[in-house]
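Subject: Structure for you to look at

Hello,

Here is the structure I promised to pass on. Please open it and keep it beside this email while you read.

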Amino acid sequence: MKNYILLGLLQGVMFSSTVMAEQYTITAKEITQSVQTRFPVIRSYEGVEAVFSQPKVVIQNLDDEIEIKVKITVTYQGQNFVADGLIVDIASIQTVDNTLRFDHPKLEEFFISNDDMADSTEAVKILTQTIGKTLPPIILLNLEKIDISIIGTEPAKFSLSPQGLVLEY
């Protein structure tokens with residue numbers, strides 16, 4: 001009888017330790033602060049220079065997406081326009097360097113907010129052609145630099161909530 005009680009207690013302890021995972025939530029503002037250190041990103045396309053700056057991370061938990069809103073300053077033949085753009089990708093955790101990142105970020109859309117060009121038609125056409133083309137990888141967060149006292153350095157998984165990115169250890 002004692003053996004059965006001891007076995008039951010051990011099973012209860014084992015069950016409770018697997019059910020109770022520790023979680024840590026990181027807000028979009030905190031991720032934005034991390035991403036800002038990796039900007040500006042400068043790309044050239046057929047004579048058009050695009051400078052991506054002022055990143056702001058937006059968490060779309062209902063769509064299960066992380067997006068980065070950016071300012072894009074476009075220079076073509078010595079003239080400029082400024083656009084608001086949206087960079088998207090599927091975030092993934094890289095265990096090699098313990099980061100959360102966009103491996104294949106893409107410009108999904110842009111809207112011109114200030115056009116100082118005499119004729120921006122060609123520059124807009126060239127920038128439009130870059131929609132869907134891959135930008136350099138973007139590290140959203142270095143997980144080793146997070147000041148948390150959780151056993152283990154790599155999260156088992158992550159999810160998105162209205163409060164932010166939820167890391168589960």
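The side chain of threonine 32 reaches the backbone nitrogen of valine 57, at 2.8 Å. This is a predicted model, so please read every value here as computed from it.

Where does threonine 32 sit? It is found in helix H2, which covers residues 28-36. Is threonine 32 buried or exposed? Its relative accessible area is 10%. The cut-off for buried is under 20%, so threonine 32 counts as buried. Setting aside residues up to four places away in sequence, threonine 32 touches Pro55, Lys56 and Val57.

Now step back to the whole protein. It has three helices and eleven strands. From the N terminus on, the elements run α-β-α-β-β-β-β-β-β-β-α-β-β-β. Of the 169 residues, 37% count as buried. The protein exposes about 10400 Å². Carbon and sulfur atoms supply 54% of that area. Take the contacts with a separation of 6 or more: residues 24 or more positions apart account for 58% of them.

Next, helix H3, residues 121-129. Which of its residues are buried? Ala123, Ile126 and Leu127 are. Seen down the axis of H3, the buried residues fall within an arc of 95 degrees, so they line one face of the helix. What covers them? The cover includes strand S2 (41-45), strand S3 (48-60), strand S4 (65-76), strand S5 (79-89) and S8.

Proline 105 lies in the loop between strand S7 (99-102) and strand S8 (106-115). Its relative accessibility is 0%, so proline 105 counts as buried. What does it touch? Leaving aside neighbours within four places in sequence, its contacts are Ile87, Val88, Asp89, Lys133, Thr134, Leu135, Pro136, Pro137 and Ile138. Look at valine 88 in that list. Proline 105 and valine 88 are 17 residues apart in sequence, but their C-alpha atoms are 5.6 Å apart in space.

Last, a sheet. Three strands make an open sheet in the order S1-S11-S10, and the pairing is antiparallel.

Look at the pair S10 and S11. They form a hairpin, with two residues between them. S10 and strand S11 (residues 164-168) pair in the antiparallel sense over five bridges. In general, strands of a sheet pair through backbone hydrogen bonds. Which residues face each other across this pair? Phenylalanine 158 stands opposite leucine 167 in S11. Serine 159 stands opposite valine 166 in S11. Find both pairs on your screen.

Best wishes

How values were computed
Residues are numbered from 1 along each chain as its sequence is written. This is a predicted model: local features need pLDDT of at least 70, side-chain atom pairs count only at pLDDT 80 or more; totals for chains, interfaces and linings use all residues. Side-chain values use heavy atoms; hydrogens and water are left out. Two strands pair if DSSP finds at least two bridges between them. Helices (H or I, at least four residues) and strands (E, at least two) are DSSP runs, numbered from the N terminus. Buried means under 20% relative accessible area, exposed over 50%, partly exposed in between (1.4 Å probe, protein chains only). A polar contact is a pair of N or O atoms within 3.5 Å; within protein, one must be able to donate a hydrogen and the other to accept it, and residues adjacent in sequence count only if both atoms are side-chain atoms. Contact means heavy atoms within 4.5 Å. Accessible areas come from the Shrake-Rupley method with a 1.4 Å probe; for residues, only the protein chains shown count as cover. The arc is that of the directions from the helix axis to the C-beta atoms.
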